[in-house]
Amino acid sequence: MKLVNISQQFGDKVLYEKLNLQINTGEHIGLIGQNGAGKSTLVKIITGEVLADEGFIEFPKNQSVGYLDQYVRVDEQLTIYEFLKQAFAKELAIEEEISELYEKYSQTFDDLLLERAGKLQTKLDQSEFYQMDALIQEMAVGLGLDVLGLDTLLKNLSGGEQSKVKLAQLTLQTSNFLILDEPTNHIDQKTKESLQEALGNYPGTVLVVSHEQEFYEPFVDRVIDIEKQEKD
Ligand SMILES: Nc1ncnc2c1ncn2[C@@H]1O[C@H](COP(=O)(O)OP(=O)(O)O)[C@@H](O)[C@H]1O
Ligand SMILES: [Mg+2]
């Protein structure tokens, strides 16, 4: 992934002027800098949540980004299971489309519908969709969420427990580029260690914003200080 000549300012505050940054596929990067330096904004520019004043981003083909933002509010009426299941939203949508195609076929007998359904079915078979429940269970046990019960509503969880559930959902997503903004806020030491291990073993690209050197140091290949990138 390449950030090319990115400039961004809010009012009079200039965050970056013609920032250039390359993150290679599979690389694990730690992004650091003072509070207010523009780390979260840069993350949002990468995820598309903020459109930069100037510049552009080049993504390699087939890159799918998973993003964890501790400050994003979750729908608290969901159970832990329902929330984790959202990691498979893409696959669930495909399953839905397949049943619609069969439904239409039963009325029209149009073979093209069957052909399309077959292609989608192959895609599902190749994904982790049919292991979904087992994967959710495994993740929940790994993070110690199973003791709460997977049918517990998110509104009944503490901040730290909610953080764990968000981490679990992120790890279940079939993305190949993870972005985490200050993931160690509100999590306990044990969760921190399992996150460190998960990120260390993660084969895809990782961009983690963190001020905790002891957290990111073991699994990053490179540290980028946003304040040292600003000007030539
Ligand atoms: N939507 C916005 N509107 C105005 N100012 C913003 C906006 N988003 C961020 N800022 C300002 O930009 C600066 C950088 O913010 P941020 O990217 O959150 O920094 P960091 O994550 O490095 O602490 C801060 O001064 C912040 O107040
Ligand atoms: Mg921030």
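**Pocket, cavity and nonpolar cores**

The largest pocket has a volume of about 480 Å³, in a structure that is a predicted model. A pocket here is an open set of points on a 1 Å grid over the protein atoms alone, with protein on both sides within 12 Å along at least five of seven lines. Its volume is the space filled by probe spheres set on the points, which are joined across faces, edges and corners. The lining (residues with an atom within 4 Å of a point) comprises 21 residues, with Glu 138, Met 139, Thr 171, Leu 172 and Ala 198 nearest the pocket centre. At least two lining residues come from each of α5 (132-142), α6 (159-172) and α7 (189-201), helices being DSSP runs of H or I of at least four residues and strands runs of E of at least two, numbered from the N terminus. The largest share, 5 residues, belongs to α7.

About 50 Å³ lies within the largest cavity. Among the residues lining this cavity are Thr 171, Leu 180, Ala 198 and Tyr 202. Here too α7 gives the most, with 3 residues, while α6, β6 (177-181) and α7 each supply at least two.

The largest nonpolar core holds 27 residues, of which Ile 80, Phe 83, Leu 84, Ile 136, Leu 154, Val 165 and Leu 172 touch the most other members. Such a core is a set of buried Ala, Val, Leu, Ile, Met, Phe, Trp, Tyr and Cys residues joined through side-chain atoms within 4.5 Å. Buried means under 20% relative accessible area, exposed over 50% and partly exposed in between (1.4 Å probe, protein chains only). Leu 172 touches Leu 84, Ala 87, Phe 88, Leu 135, Ile 136 and Met 139 (heavy atoms within 4.5 Å), leaving aside residues up to four places away in sequence.

In α5, Met 132, Ile 136, Met 139 and Ala 140 are buried. These residues lie on the same side of α5 because they cover an arc of only 100° around the axis, taken from the directions from the helix axis to the C-beta atoms. Glu 138 and Gly 142 are exposed on the other side. The cover over the buried residues of α5 includes α2 and α6.

Residues are numbered from 1 along each chain as its sequence is written, and chains are lettered from A and ligands numbered from 1 in the order in which they are written. Local features need pLDDT of at least 70 and side-chain atom pairs count only at pLDDT 80 or more, whereas totals for chains, interfaces and linings use all residues; side-chain values use heavy atoms, with hydrogens and water left out.

Definitions and conventions
On a 1 Å grid over the protein atoms alone, a cavity is a set of points where a 1.4 Å probe fits but cannot get out, and a pocket is an open set with protein on both sides within 12 Å along at least five of seven lines; lining residues have an atom within 4 Å of a point.
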